[in-house]
Amino acid sequence: MKKYAKFFTVALIGAIIIQSAAIPVFADETDTVYLGGQPFGVKFFSDGVMVVELEDFYNNGRYICPARDGGLEINDVIKEINGQTVRTNEDVQRVIFQCGGEPLKLTVERGGKELIKTINPKKNASGVYVSGAWVRDSCAGIGTVTFYDGENGCFAALGHGICDNDTSALMPLGSAEVVSVDISSVTKSSTGKAGSLNGCFSDKTLGSLTKNTNCGVFGKTEGEIPQNGKKLEIAENGEIEVGKAEMYTTIEGDEAGCYEVEITKIRTTDSDTNENFVIKVTDDELIERCGGIVQGMSGSPLVQNGKLVGAVTHVFLNDPREGYGITARNMVSNYQG
């Protein structure tokens, strides 16, 4: 099911925006971190609403799209309408319904810049004022924690950002609650199709996200951090080598297991990408039960020579035993940048 609503439909979820919290700072680069591998669920609410589709509708004998005519583009984030902050689909819906056909002034964020656009909603075939834009204010999913900084109560996860399913654009973070998850089953990956970790969100809150970047999500924990007993140094990028490694991930319950993988190629150590190296799953159990890498394993930590070297980020659809990884150093540098 698509998790968005047209300007004139009922939204599924409304966001509660929290006050800005202190941004966690990871310990000095020479410090060690606690290894992750545990699954988590995230309930993500964007900062504003994101335009994910522009659609024509019939009006007075022709097809029109007021949103497109007014200069809106896919991936625009609508922050205000007529000076009023909008944070949910319902906020937008209410303004459109009540506009009476009068022009609406929108404050929009595009590529880090603030723009002002004006749209003129028109009635559709049902006599309801609409703009022709589809917007999204929230999403939810399962991922894997990469590591914890116990001293500062911080965590890093996913190895990539939380993006819109339809446009692949990075979603602007408004608020995001992190909860515990028990993995109940696995849908295996196969050639041409990525599988998934399947589980249920619990009522236990683990923390909240404070930053959503292309190289991972980061946040604060509540209470004691989950630990599997391993405290490791973060490897320097230059220490990562082609050869055997270990992946920590959870395919049942909420406890991480250790599985054999290989780093087969170092692509780049550039800090602006989450595709730094190629990994291949060689563990018989992981191949048998999961087909290799599945959705939900993003963030699964990778250990080589006793150090945390990175995290899983992608699966290759042509061979789900393989995928990309990001270096742990790049995750940290993108967080701190």
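1. Y58 is partly exposed, at 43% relative accessibility; here buried means under 20% relative accessible area, exposed over 50%, and partly exposed in between (1.4 Å probe, protein chains only). Y63, at 59% relative accessibility, is exposed. The model is predicted: local features need pLDDT of at least 70, side-chain atom pairs count only at pLDDT 80 or more, and totals for chains, interfaces and linings use all residues. Residues are numbered from 1 along each chain as its sequence is written, and side-chain values use heavy atoms, with hydrogens and water left out.

2. Two aromatic pairs are found in a search of the whole structure. Rings of Phe, Tyr and Trp (its six-membered ring) pair if their centres lie within 6.5 Å; planes under 30 degrees apart are stacked, over 60 edge-to-face, and the rest tilted. Y58 and Y63 make an edge-to-face pair, with 5.1 Å centre to centre and 65° between the planes. F316 and Y324 also pair edge-to-face, at 4.8 Å centre to centre and 80° between the planes. Both F316 and Y324 are buried.

3. The count of disulfides (cysteine sulfur atoms within 2.5 Å) is zero. As for cysteines, C258 is partly exposed with a relative accessible area of 40%, whereas C290 is buried at 0% relative accessibility.

4. N237 is buried, at 19% relative accessibility. Its side chain and that of N330 are joined by a polar contact of 3.2 Å; such a contact is a pair of N or O atoms within 3.5 Å, where within protein one must be able to donate a hydrogen and the other to accept it, and residues adjacent in sequence count only if both atoms are side-chain atoms. Leaving aside residues up to four places away in sequence, N237 touches T269, T327, R329 and N330, contact meaning heavy atoms within 4.5 Å.
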